[in-house]
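Please view the sequence and the structure together.

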Amino acid sequence: MKIYADNAATTKMSRTAVDAMLPYMDEIYGNPSSLYTFGQRAREALEDARGRIAACLGCEARELTFTSGGSEADNQAIRSAAALGARKGKRHIVSTAFEHHAVLHTLKRLEGEGFAVTLLDVYENGLVTPEQVRAAIRPDTCLVSVMYANNEIGTVQPVSEIGAVCREAGVLFHTDAVQAAGHLPIDVGPQNIDLLSLSAHKFHGPKGIGALYARRGVALTNLIEGGAQERGRRAGTENLPAIVGMAAALEESCAHLTENAVRISALRDRLIAGLAEIPHSVLNGDPAKRLPGNVNFCFEGIEGESLLLLLDDKGICASSGSACTSGSLDPSHVLLAIGRPHEIAHGSLRLTIGEETTEEEVEYLIEAVQDAVSYLRSMSPVWRDLENGKATHII
Ligand SMILES: *Cc1c(COP(=O)(O)O)cnc(C)c1O
């Protein structure tokens with residue numbers, strides 16, 4: 001039995017995406033910048049893909065810039081807004097404590113360059129409110145960056161309302177929509193979004209390709225110098241096979257968005273109910289305002305890493321949080337941001353299911369996690385103290 005329950009880390013490419021890409025690797029391999037007809041066929045495919053992705057987001061094709069993925073798009077969005085702000089003497093940025101590191105580390109860098117950053121606290125349910133954003137905006141604020149859906153606990157932020165607050169204040173609004181694209185509806189106009197990042201490998205497209213939407217009139221700062229590709233906003237020969245694969249994957253995901261969300265969130269709720277039966281456990285993040293496929297729990301008295309290894313033995317691919325932080329022994333900054341104490345945050349498990357997950361797999365997951373948690377607790381001196389009353393349960 002092999003169960004892939006780590007779709008927040010990356011997803012399997014869809015057959016549609018693979019098939020769409022193949023001709024651009026072995027037949028139409030020209031450089032889109034070449035003037036001869038063969039190159040121009042590649043150019044047409046590039047612009048066709050851009051138009052199709054734009055249609056999924058409700059923007060114009062020219063408002064999209066292809067990047068190497070979500071991290072680059074986040075970096076470019078924030079750096080661009082910062083540069084625009086600095087020109088007007090505005091050097092304050094508002095974001096949240098539970099953003100992806102692509103956002104947080106870029107902000108840290110900007111602090112070193114003289115910007116002031118306010119990171120909003122996140123409520124225990126994993127949400128920030130438009131009121132918090134409104135209260136944090138100052139006369140010198142140039143950017144608000146709040147993620148659409150969190151990659152660890154799956155909570156979905158009120159982006160339209162936050163966007164409206166920013167619009168009213170005349171501040172640019174960026175959202176890291178890497179976990180949302182292909183899974184939740186996106187329509188940048190009505191949602192008041194100025195800058196949006198996405199990444200193909202989170203919606204069954206290829207790795208190493210993403211896009212940055214920048215509303216017309218929002219000038220992007222070029223992070224990679226070189227040729228004039230992407231209208232001077234991102235140098236380097238375009239990764240055409242990946243771009244075509246991203247367009248195919250996004251179109252497919254968006255065409256089935258509602259039915260997938262309904263089916264997957266029913267499986268998610270069954271999984272949550274099964275894991276909630278484990279004593280001294282807690283669900284992280286709002287039970288309803290979360291991504292259809294995200295389940296994230298803390299179990300008292302265990303180490304998340306040991307749990308992952310036991311689950312791996314049972315053929316289960318899971319995560320204790322984000323793939324980017326695994327390998328470090330620090331507890332997740334997201335779980336700390338929602339107020340979980342260190343010792344609880346260490347015992348976390350993220351299961352992210354998807355289109356291919358079956359009911360049988362969900363039942364197997366529940367049983368496997370229940371067994372593994374009991375086993376680890378039976379071996380744990382920490383747990384023995386808790387049971388003997390020498391230490392007090394926190395959850
Ligand atoms: C995966 C992820 C990223 C990074 O995307 P890459 O394409 O892997 O660089 C950024 N933000 C969020 C929320 C993510 O889940």
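Among the 13 residues around the ligand, those that come nearest are S71, D176, Q179, S199 and K202; a residue belongs to this set if one of its heavy atoms lies within 4 Å of the ligand. The model is a predicted one, in which local features need pLDDT of at least 70, side-chain atom pairs count only at pLDDT 80 or more, and totals for chains, interfaces and linings use all residues. Residues are numbered from 1 along each chain as its sequence is written, and side-chain values use heavy atoms, with hydrogens and water left out.

The shell around the ligand consists of 2 nonpolar, 8 polar and 3 charged residues. In this classification Ala, Val, Leu, Ile, Met, Phe, Trp, Tyr, Cys and Pro are nonpolar, Asp, Glu, Lys and Arg are charged, and the others, Gly among them, are polar. Helix α4 gives the most to the shell, with 3 residues.

| Side chain | Ligand atom | Distance |
|---|---|---|
| Q179 | oxygen | 2.7 Å |
| S199 | oxygen | 2.6 Å |
| H201 | oxygen | 3.0 Å |

On its own the ligand has 380 Å² of accessible area, of which the protein covers 87%; such areas come from the Shrake-Rupley method with a 1.4 Å probe.

Helix α4 (residues 70–87) also packs against helix α5 (residues 101–112), at an angle of about 35° and with the axes 9 Å apart. Helices are DSSP runs (H or I, at least four residues), numbered from the N terminus. Axes are lines fitted to C-alpha atoms over the stretch in contact, and angles run from 0 to 180 degrees between N-to-C directions. The contact (heavy atoms within 4.5 Å) is made by S71, D74, N75, I78, R79 and A82 of α4, together with A102, V103, T106, L107, R109 and L110 of α5. By class, these are 6 nonpolar, 3 polar and 3 charged residues.

L310 is located in helix α10 (residues 304–313). Its contacts, leaving aside neighbours within four places in sequence, are A372, Y375 and L376. The C-alpha atoms of L310 and A368 are separated by 8.9 Å, although the two residues are 58 residues apart along the chain.

Technical notes
Helix = DSSP H or I, 4+ residues; strand = E, 2+ residues; numbered from the N terminus. Polar contact = N/O pair within 3.5 Å; in protein donor to acceptor, adjacent residues only side chain to side chain.
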